[in-house]
Amino acid sequence: MSKWSKQIAKVGLAVAVVAMTSSLASAQINSGAQSITLNAALAESLTISLSGNSVNFTLTPGSATNAGDTSITSTTSWVLKPGRTQVNLYAYFGSATAALVHQDPANTTDIPSSAVEISVNGGAASAVSTNAASAVGFGAAGAGLRLFNQAITGLNKVASRNDTMDFNINLSSLAQLPADSYVGTLNIQAQAVN
């Protein structure tokens, strides 16, 4: 085959390939694109669970140390929106002067919130007698305590933590507390703020 013939064969082959490609391309047809909107929601939440709901005390007159018979662990869990900067956990009573109320009608003395102390995670015990809780809308004035303050960053918008509370009733200022049963309700509540 001459050089000229080889050139003609190459050109012929190239034309055939182009013709086949063009034929395949013209075999396709595309529709217009349609869209689907996807909507997803993750609700903001803040919850607390407690390992128990009762603590008993055997009181000794005038003693500063009347420990509760058990510890309570709180688990605080949250899923927060952007802009939240902290989570606080509070303990509070409905009354500063009558945190634990006498049961005998002849008795008129109650145990105030200032005599109830809480130690968090083994730290120093603090009286439930501050305005920390009432300042944010929980409980009575002088009947609350902030148990923790957790800073919120981009790394813990979704998180949880456990905190163990130990309880004590300090009767050093109630040396003449009459014999009786005293009953009270301590509330535990969390708040996330901006």
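**Strands, pairing and burial**

Modeller: Let me begin with a pair: strand β2 (residues 72–79) and strand β8 (residues 158–169) run antiparallel to each other and are joined by 8 bridges. The model is a predicted one, in which local features need pLDDT of at least 70, side-chain atom pairs count only at pLDDT 80 or more, and totals for chains, interfaces and linings use all residues. Residues are numbered from 1 along each chain as its sequence is written, and side-chain values use heavy atoms, with hydrogens and water left out.

Biologist: What makes β2 and β8 a pair?

Modeller: Two strands pair if DSSP finds at least two bridges between them, and β2 and β8 have 8 bridges, so they are called paired. One of these bridges links threonine 76 with arginine 161 in β8. Strand β8 is also joined to strand β5 (residues 116–120), in the antiparallel sense, by 5 bridges, and there serine 119 has aspartate 166 of β8 as its bridge partner.

Biologist: How many helices and strands does the chain have, and what counts as one?

Modeller: The chain has 1 helix and 10 strands, where helices (H or I, at least four residues) and strands (E, at least two) are DSSP runs, numbered from the N terminus.

Biologist: Why is threonine 76 called buried?

Modeller: Buried means under 20% relative accessible area (1.4 Å probe, protein chains only), and threonine 76 has a relative accessible area of 0%, so it is called buried. In the chain as a whole, buried residues make up 28% of the 194 residues.

Biologist: Which residues is threonine 76 in contact with, leaving aside its neighbours within four places in sequence?

Modeller: Contact means heavy atoms within 4.5 Å, and on that basis the residues in contact with threonine 76 include Leu46, Ile48, Val87, Leu89, Phe148 and Ala190. For the chain, 72% of the contacts with a separation of 6 or more are between residues 24 or more positions apart.

Biologist: What makes β7 and β10 edge strands?

Modeller: They belong to an open sheet of 3 strands, in the order β7-β3-β10, with antiparallel pairing. The edge strands are β7 (144–151) and β10 (187–193), each of which pairs on one side only. Within this sheet, strand β3 (residues 86–92) is joined to β10 by 7 bridges, and tyrosine 90 stands opposite glutamine 189 in β10.

Notes
Buried < 20%, exposed > 50% of the residue type's maximum accessible area, 1.4 Å probe, protein only.
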